[in-house]
Amino acid sequence: MTPAPRLLTALIALGLALGACKDDDTGLDSGIDGAKTGDQLTDDERVQFCEAADAYGEQVLPDSEFRAGMCTLKAITDALAADGSPETCDVLRKSCLAEDEPEPEPGDPTCDLGIDWGSCQATIAEIEACYEEFGTSFSTRMRSFTCSKMAEYADNPPSLDIEAGPDCSIARAECPSVMGVGG
């Protein structure tokens, strides 16, 4: 399993779209030769891949849904620490959603997925498959959080941890920093 902070960082990198969403809703296609390995990418291709991954992330989990999922997760966690009731969770969730969205942090707007491209031997096709697999799993997880499950969460608190599926296992074997792991 991957630690939540690294997953959160990876999802945020995925979710911050730098361009418009792609017309093709079938998956991540960076437009880079799928047989090329990560360490063979030029600087421009790295940016191209990052922008495609960002657009894909926004496609599978739009910023508004990501924010709603994070507010729900925070409300669940805080309600569990208080009285564990669905009502408390609902109040905390609504309060979080009513807050103004935080301003983006100032800094370098350069797209960075946290991949150590110099040592990445996975192919672009393998990395794209991993991002698709992760995006599907993570968006499903985020959408599953609900205050109505507070009794269930008392014994098994929700988390952002996602176990690597077969596609990410393949990509990570040759490029450990894919999706925030290794480095």
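**Exercise 1.** Leaving aside its neighbours within four places in sequence, which residues is Gly31 in contact with?

*Solution.* The model is predicted; local features need pLDDT of at least 70, side-chain atom pairs count only at pLDDT 80 or more, and totals for chains, interfaces and linings use all residues. Residues are numbered from 1 along each chain as its sequence is written, and side-chain values use heavy atoms, without hydrogens and water.

- Step 1: Gly31 lies in the loop between helix H1 (4–15) and H2; helices are DSSP runs of H or I with at least four residues, numbered from the N terminus.
- Step 2: apply the contact criterion, heavy atoms within 4.5 Å. Beyond four places in sequence, Gly31 is in contact with Gln48 and Glu128.
- Step 3: Gly31 and Phe49 are 18 residues apart along the chain, and their C-alpha atoms are separated by 8.0 Å.
- Step 4: classify accessibility. Gly31 has 60% relative accessibility and therefore counts as exposed (buried is under 20% relative accessible area, exposed over 50%, partly exposed in between, with a 1.4 Å probe and protein chains only).

**Exercise 2.** Describe how H2 and H5 pack.

*Solution.* 

- Step 1: take the geometry. Helix H2 (residues 43–60) packs on helix H5 (residues 124–144) at about 25°, with the axes 10 Å apart. Axes are lines fitted to C-alpha atoms over the stretch in contact, and angles between N-to-C directions run from 0 to 180 degrees.
- Step 2: name the orientation. H2 is therefore roughly parallel to H5 (under 35 degrees is roughly parallel, over 145 roughly antiparallel, 65 to 115 roughly perpendicular, the rest oblique).
- Step 3: list the contact. H2 contributes Phe49, Ala53, Tyr56 and Val60, while residues of H5 include Ile127, Glu128, Tyr131 and Arg143.
- Step 4: sort the residues. The contact of H2 with H5 has seven nonpolar, three polar and three charged residues.

**Exercise 3.** Is Ser177 buried or exposed?

*Solution.* 

- Step 1: Ser177 lies in the segment after H7.
- Step 2: Ser177 counts as buried because its relative accessibility is 3%.
- Step 3: a polar atom of the Ser177 side chain lies 2.7 Å from the backbone nitrogen of Asp116.

Terms used:
Helices (H or I, at least four residues) and strands (E, at least two) are DSSP runs, numbered from the N terminus. Ala, Val, Leu, Ile, Met, Phe, Trp, Tyr, Cys and Pro count as nonpolar, Asp, Glu, Lys and Arg as charged, and the others, Gly among them, as polar. A polar contact is a pair of N or O atoms within 3.5 Å; within protein, one must be able to donate a hydrogen and the other to accept it, and residues adjacent in sequence count only if both atoms are side-chain atoms.
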